[in-house]
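Here is a short briefing to read alongside the model. Please keep the viewer open as you go through the topics below.

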Amino acid sequence: MSFPLKLMWSVIGILVAIAYGLLISGIIRKVMARIQGRIGPPVYQGFIDLGKLLVLRTATHHGVMFYLAPIFRAAGGIGLYLLIPVVVGVPALENFSFTGDLLLVMYFMFFGSLGMALGAAESGHPHSSIGISRGLSQMTAFELPFALAVVALAASAGSFSISDIVMAQQGGILHWNLFTHPLAAIAAFLAFLGMNMYAPFNIVGAPQEIPAGPPTEFNSSFLSLMMAGRSIFAVAKMVLFMDLFLGGATNLLEVLVKTFLIYFWSVFVGAVFPRFRTEQSIRFFLGWPTVAGVAAVLLVMLNR
Amino acid sequence: MMAGNELYVATALGLIFIGLATVTIKRNLIKMVIGFSVADTGVNLLIVALGWFPNRTAPIIDDPSLLSDRATLAVRSAAIVDPVPQALVLTAIVIGVGVTALMLAYVIRLYATEGSLDVSRFGRMKW
Amino acid sequence: MVSPMLLIAVPLAVAFLLPVIDHLGRTATRVVHLATLAFGIVVAGDWLYRLAGGAATAEILTGGWPPPFGINLRLGTAEAVLVLLAYLTAFVAALYLADREEESNVRGTVIQTVLVVGAIGLIMTRDLFNTFVFLEISGIGTYALVVFGREKSGLEAGFKYMVLGSVASIFVLLGVAFLYKLTGTLNLDDMAGKLSQAMVAGSGLILLLLLVGMIAELKLFPLNGPAIDLYDGAEPGVMALLVGTTVNAVFYTFAKMTALYEGSQWVEAITVVGMLTFVIANLFAIRQKKVRRMLGYSSSAQLGLLVFLLPFVRSGEILASTVGLLVVNHTLAKAALLWLAGIEGNEELDGWRGAFATRPLLRVGLVVAVLAMVGLPPFPGFWGKWHALVGLARGGHPWWITILLLGSLLEFVYYFGWLRRVFDGIQERAEALRPLKWTEVAGVVGFTVLLFFGVRMLGEAWGSVAALALAAVGVVLVLASVIPGRMQAAVVLLAVAATAWRLWGTQLVLSDFRGLILTVVLFGAMVVSLAGLGLPAPRKSYWGVFLILVGSIVAMIETTSLLGFFAGWEIMTWSSYLLVSSSQKGSRPAFLYMVFSGGAGFLVLGGLMVALGGGVQTLAGLTTLTGAAALSAWALLAAGFAVKAAAWGAHIWAPDAYAESPDLFTPFLSGVISKLPIFGLGVVAAAIAAPAISYLGRAFDPTHILAWVGGLTAFGMTLLAVFQEDAKRLLAYSSVGQVGYIILGLAVMSPLGWTAALYHVVNHLLFKGLLFLAVAGVIYRVGSRQFSSMGGLIKRMPFSFVSVLIGIIALAGVPPLSGFAGKWLLYEALMERGWLLLTAFMMFSSVIAFLYCFRLIHSIFLGQLKTVHRDVREAPWPLITAQYLLVIPILVLSVRPRWLLDPLQRLVADRFGSSTLQAVGDNTLVSSFGYFNAIAILVLVIVLFVGLLIFLLTAGPRAKKVGPLDIVYAGEVPPPPEELHYAWAFFRPYQRAFQPVLRGAVSAFWRDVADVSEAIADAGRRFYTGNAQTYVLYAFLLVLALAGIGLAR
């Protein structure tokens, strides 16, 4: 496939992913509202917000890093999406995964968050800093079970390449890592709850404490870019989990179904549980999820 | 091996023991000095006793002709006691006197500082 | 040629003439006295020169009788050295005492001369009774001289010393008398032959009496109580005289007597008593609060060490010249220290705070003497100890080596504890300083200079011109303290640059491990000295010592011999110690640094001794070691380097040392010095093929242990870094943690692991140097290291901000900068080796690093700008230049990691064969587990970034910049910026979550170690009750105990 064509497909993919991300967040708000006995906003509320923010007539900023923060955020989300093959074997949907393996993806996940944190911190609002402190703390905590799961998968697949891991799961639903490495799956999906930051792990933007958390000071087009980045970031993560545990996908419909299921896992949990305190959240991830992860790794080592 | 001088040796050892015991037990500085003196005497006696053999004469050349007559000198020298210890003792006595004098000088000045002769009073420097 | 007899006769005659001469006036007395001593120096020096040139040993027969009938004296090389030393000491001591009324009046002068006569007689005589006489002369001289000047304390000490001395002389005389009876001779050589021919019944007891007498005369444990009191009570100038004369003479006497003990049951007793003295006296010394008493313990310990070595000299395992080196070293250093103690005058250790702050020459003297005392190179004690240890190693005495090194470590504790106080309190002391006369200082200066004769041996051991030249320029800079600090920094920069230029292409190449480390070192030194153009030097001698440090490192890297390596290592240790100590609060952390480095050095030394015992001489020869020797050498070396790298468990020294170092030195300490243990691990430890340990029937690779130590270090230090409130401490913990990754990489022992480790060595130098330099600039401008007193500085110091930003991105390993390649390589290597849990564990800890990275940049540069900092300026330009010198290579590595990886791959291939790492196309790196393309990721990021920036600039309205307090604050007026900046306890919830593992078990452990040893020392030193009669009793008990043990055999 020629490079310009690939580029075009990627741009389309990015736009679709953003749209999908916005839609899915709309669905969730609706679901949550219904659970809480409210009517809730329409499912397309995300698009309305994005449009409104883009056409606002005033915008303020606090300095260079503040200005760049949404860019970091969006670039992080889009870049992550581009590093993950959506459908292995379809060149148009493999994106730029030749750039690097799972390790690169794992580290690139932090690119956007850290960049945005820098800008948010420059705003000088204490709520931003507190939110970042909480976010980083939680992020490191869920990284441990996630890393253990990844190591278990990579060791059994003999590769850090996402494509290789997907290929190793072909041949029926029971070959999925979800079933062949159940302990790793438990660890990773518990970590996924933290990544998505729904309750009980919504400590970063904890509404009653630090109203919006890090993005407190962002407005108009800055905020719109951040929203877009966040949407595509969420989609990229779902695709990653799909590739890692649900055997990847062979077509876009499969992608939609699988990612939707993955996402709803965290929505279900979020609808039921109240929020943790920060240290409770950290301890949670270092507890059973980690035990499951270690067990998964040990199992892989024994099966060698 | 020390035929005949056991008495001297025993006495000497006894004196050394008494002297050192005094040094160790008596708290009075003067008595300690006396103890050293006694022990010194014991050591000196011991040295002389070690060089003494029964039935031999003093190691003194009483006839000037002996100096030229080497053969006779060799015979005569078997009949004298060992001269070396006696020479040594002479030196040791001198040293002993010096040490005793110095010790007494110390005692006088120590007494001047503390107004006491009790050895246990002079133990400020320790540990 | 002057007859050696005159060496005794002249001073003896003068001693008796002096009272007469004194009638001509005090000046005449002094002139004659000094002239006599000068005569002795010349004659002894002349004899030494001739003897060294091959002249025959001089034998003097008294009364014309040959031995054994007449008393004979001998002057060989050993005697000539000791006689010269005695005259030298006496001469300088006479100068020193010249202004003290009591000691320099005619009586004092006579006694000084008599002491010299006694000592020289003791040294030269071969007759046992003559020995006794000279012993008594020396004794009486000592008793008489110590009371001068210090009436009360001198009296008490002198009296006790005299009591035990008299008992000792009774024992000696008894021994001599009985020996005469037994052998019929008083000539030492004759007697030794006769004794060994027939170990006559009863000779055991006689030799024991003589031995106990000599133990008391030698001031060995347990009969050293009065001698220590003497150091405490007498005038230090007098003690210095004694050290150079009587003490050495008595030791040499005993050395001669060891011939009598050959084959007897007391040889072991001599060894044991000597070593016991060394360890116990050093142990008790750590709890001393008085300087001179501490020096007394130290002297006793040194004598113990010398006596311990004597039996090995007799058996031929150790050369006499080795012991000679130790004797000379001890004399010069101890005398200098005693004179210094006398000049300073403060008895209490705590009273030495800031001592000699305004007298740099004396301070240099003090430092040199202390370094020599504890046996550090290039001073003679180091070479003596080294050769002694080699002898012990070859003779197969590992336990003696262990105990000896333990004792030496104790020596470190109290000597550097002393220096800690001296360096404490940079500010001058309030009281007016007494003007000093040159006569007082002459001894210190002269003896310190003499100590430098060890440099000759250093030259032989190193053989590196560049290193010696650097060190020499360093010494010159130390002495030329009038040159302003920034100019000195320029000299250092030039010197290092010249070295780099000279070694370019020969040693300075990346394709070899030494070359790589050398590049790192010289580059780091240049960057730091460049930064030094912009910051004031922390101490006048700073840059000189810095050059010595660089020289030692260069030597260490270039040398091929084990000795050269270790000499470089130890000089590196002490010079970096001095640099750490040169900041305001550096003395205490520097002390800890030195003690741990000392321990690390002794572990390394132990490892090298195992290797030397196995016949290895050179670094390259280490590969030939096999079996148990290989394992123990490897374990000791790895442990030593791990301690020096501040691996987990021995890390407690590092944070404070890094944080309290001068801001100019921390980048070097973190970027370069911390890599030297890695060099050690790579060149020395890894050369040894450590055999597998079999345990419970399973083979176990010892590199596992090293790997987990590295991993724990990486994790533990990273976690601790998160909770620091001080910018430098944070970076300090971070540095140690990063070294943990490097250790782990080496422990993988695969081509990929080593590539990862070495890549990280370079990368860590770059980003950590960058961060420390940037923080140094901030600290310089803001005047604080606390996060809570910074904030919002991005607007005032934008260049520093960019430095820190690049530094933390490279540190965190976030793409697209150079750090990611390092992480990637490490994980791939760990996966290849199959260490899965470690892989995940390292992923976890490297994510924790994000926390402190963010904290660093946020608390300093982001958030609210403090009101007081509104007018802060950017860091000085040399500092910024130095930072950007480090930024450039980081960016280059980010684009093309292969430029570094390819040479690394080649050099690793020499050791392990080629790795699984390959380059596909131009830019994609592929290992057996994964792949990544540095340029692709960089392009991806840049394209996205630029595109989004253009979007943001064009879409929507033009954003207006608002003030820092223009924030959403629920409609209220925000409080002042000081209250809005969230910087203190930034990760408190995280700390709560990790509370169970943060209890500080390691520091508690080391505190317990210190407490227990201090408690033992405290309880033990009560053994010296201070009562003269107790000491006499100890003598009797020693006789009984030794008799019980020895005769039972």
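**How the chains meet**

Two pairs of chains are in contact, and chains A and C share the most contacts. Please bear in mind that this is a predicted model.

- Chains A and B do not touch, and their nearest C-alpha atoms are 53 Å apart.

**A helix pair in chain C**

- Helix 20 (residues 465-479) of chain C packs with helix 21 (residues 485-503) of chain C at an angle of about 170 degrees, and their axes are 11 Å apart.
- Angles over 145 degrees count as roughly antiparallel, so helix 20 of chain C is roughly antiparallel to helix 21 of chain C.
- From helix 20 of chain C, the residues in this contact are C:Ala466, C:Leu470, C:Val473 and C:Leu477.
- They meet C:Gln488, C:Val491, C:Val492, C:Ala495, C:Val496, C:Thr499, C:Arg502 and C:Leu503 in helix 21 of chain C.
- Sorted by class, the contact of helix 20 with helix 21 of chain C has nine nonpolar, two polar and one charged residues.

**Aromatic pairs**

- Over all chains, the structure holds 85 aromatic pairs.
- One of the aromatic pairs is A:Phe66 with A:Phe218, which is stacked, with 4.2 Å centre to centre and 0 degrees between the planes.
- This pair links distant parts of the chain, 152 residues apart: A:Phe66 is in helix 3 (residues 64-83) of chain A, while A:Phe218 is in the loop between helix 8 (182-196) and helix 9 (220-245) of chain A.
- Both A:Phe66 and A:Phe218 are buried.
- C:Phe820 and C:Phe932 form an edge-to-face pair, at 5.1 Å centre to centre and with 85 degrees between the planes.
- C:Phe820 belongs to helix 34 (residues 819-833) of chain C and C:Phe932 to strand 7 (residues 931-933) of chain C, so the pair ties together parts that are 112 residues apart in sequence.
- C:Phe820 is buried, and so is C:Phe932.

**An aromatic cluster with residues from chains A and C**

- C:Phe820 and C:Phe932 also belong to one aromatic cluster with A:Tyr107, A:Phe110, C:Trp824, C:Tyr827 and C:Phe850.

**Arginines over rings**

- C:Arg420 has its charged end over the ring of C:Phe591, 5.5 Å from the ring's centre.
- C:Arg539 lies over the face of C:Phe423, 4.4 Å from the ring centre.

Terms used: Residues are numbered from 1 along each chain as its sequence is written. Chains are lettered from A and ligands numbered from 1 in the order in which they are written. This is a predicted model: local features need pLDDT of at least 70, side-chain atom pairs count only at pLDDT 80 or more; totals for chains, interfaces and linings use all residues. Side-chain values use heavy atoms; hydrogens and water are left out. Contact means heavy atoms within 4.5 Å. Axes are lines fitted to C-alpha atoms, for helices over the stretch in contact, and angles run from 0 to 180 degrees between N-to-C directions. Helices (H or I, at least four residues) and strands (E, at least two) are DSSP runs, numbered from the N terminus. Angles under 35 degrees count as roughly parallel, over 145 as roughly antiparallel, 65 to 115 as roughly perpendicular and the rest as oblique. Ala, Val, Leu, Ile, Met, Phe, Trp, Tyr, Cys and Pro count as nonpolar, Asp, Glu, Lys and Arg as charged, and the others, Gly among them, as polar. Rings of Phe, Tyr and Trp (its six-membered ring) pair if their centres lie within 6.5 Å; planes under 30 degrees apart count as stacked, over 60 as edge-to-face and the rest as tilted. Buried means under 20% relative accessible area, exposed over 50%, partly exposed in between (1.4 Å probe, protein chains only). A charge sits over a ring if NZ of Lys or CZ of Arg is within 6 Å of the ring centre and within 35 degrees of the ring normal.
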